[in-house]
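Try each task before you read its solution.

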Amino acid sequence: MPTGSRTALAMVLMISAGSVQAGTEDEVKAQFSKFVAAQNAHDLKAVSDTLLDAPQFLWITRGAPIWGREAALKRFEALYQGTWSLDPKTDELKVFEVQPGVAQLYVPITFMIAPAGQTAQPARFLMNQILVKTSDGWKVSSVLPIPVPMQ
């Protein structure tokens, strides 16, 4: 193959690889936006649609693991009885493709959390999620919030 053809082929492959990654990033960001909107609307059905329906789904909350989508939805339902809202710093959101069909999302996020009848206090977290691509699109397979002091 002539050198010019190899260079052109290499450029096409690099451009194609970049667009696949950009497509993944855009799709994962869109799924995260749906997750946040569903959480803030306290819409269990919409939240359910964003989560992986598998026993391996993992959410760490207050130092305790919650395994499986149904268990997570029960916990969300209880939290929704009080104040529960998410405010991500989307300008700091990052998506990393771990391998094809698996992505990690990182974003600083402020939660407003309080039981029913109590005043919500902001809590800052570094949110980490792992998403997997399924036949139904990207699904959150783990939610790993790390608490950090408010600034």
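**Exercise 1: the largest pocket**

The largest pocket holds about 280 Å³ of space. This is a predicted model, where local features need pLDDT of at least 70 and side-chain atom pairs count only at pLDDT 80 or more, while totals for chains, interfaces and linings use all residues. Residues are numbered from 1 along each chain as its sequence is written, and side-chain values use heavy atoms, with hydrogens and water left out.

Task: Find which residues lie nearest the centre of the largest pocket, and sort its lining by class.

Solution: Start with the term: a pocket is an open set of points on a 1 Å grid over the protein atoms alone, where a 1.4 Å probe fits, with protein on both sides within 12 Å along at least five of seven lines; lining residues have an atom within 4 Å of a point. Next, look to the middle: of the 20 lining residues, Thr-61, Arg-62, Trp-84, Phe-125 and Pro-145 lie nearest the centre. Finally, sort by class: the lining has 15 nonpolar, 3 polar and 2 charged residues.

**Exercise 2: Arg-69**

Task: Work out whether Arg-69 is buried or exposed, and what its side chain reaches.

Solution: Helices here are DSSP runs of H or I with at least four residues, and strands are runs of E with at least two. Then check the area: Arg-69 has a relative accessible area of 16%, so it counts as buried (under 20%; exposed is over 50%, partly exposed in between, with a 1.4 Å probe and protein chains only). Last, follow the side chain, which reaches the backbone oxygen of Ser-48 at 3.1 Å. Ser-48 is also among the residues Arg-69 touches (heavy atoms within 4.5 Å), along with Leu-51, Leu-52, Asp-53, Ala-54 and Phe-57, not counting residues up to four places away in sequence.

**Exercise 3: strand β5**

Task: Describe how β4 and β5 are joined, then find what Tyr-106 is in contact with.

Solution: Begin with the pairing (at least two DSSP bridges): β4, residues 94-99, runs antiparallel to β5, with 5 bridges between them. Phe-96 stands opposite Gln-104 in β5.

Tyr-106 is partly exposed at 23% relative accessible area. Leaving aside neighbours within four places in sequence, its contacts are Glu-92, Leu-93, Lys-94, Leu-126, Met-127 and Asn-128. The C-alpha atoms of Tyr-106 and Leu-126 are 7.0 Å apart, though 20 residues separate them along the chain.

Notes:
A polar contact is a pair of N or O atoms within 3.5 Å; within protein, one must be able to donate a hydrogen and the other to accept it, and residues adjacent in sequence count only if both atoms are side-chain atoms. Grid points are joined across faces, edges and corners, and a volume is the space filled by probe spheres set on the points. Ala, Val, Leu, Ile, Met, Phe, Trp, Tyr, Cys and Pro count as nonpolar, Asp, Glu, Lys and Arg as charged, and the others, Gly among them, as polar.
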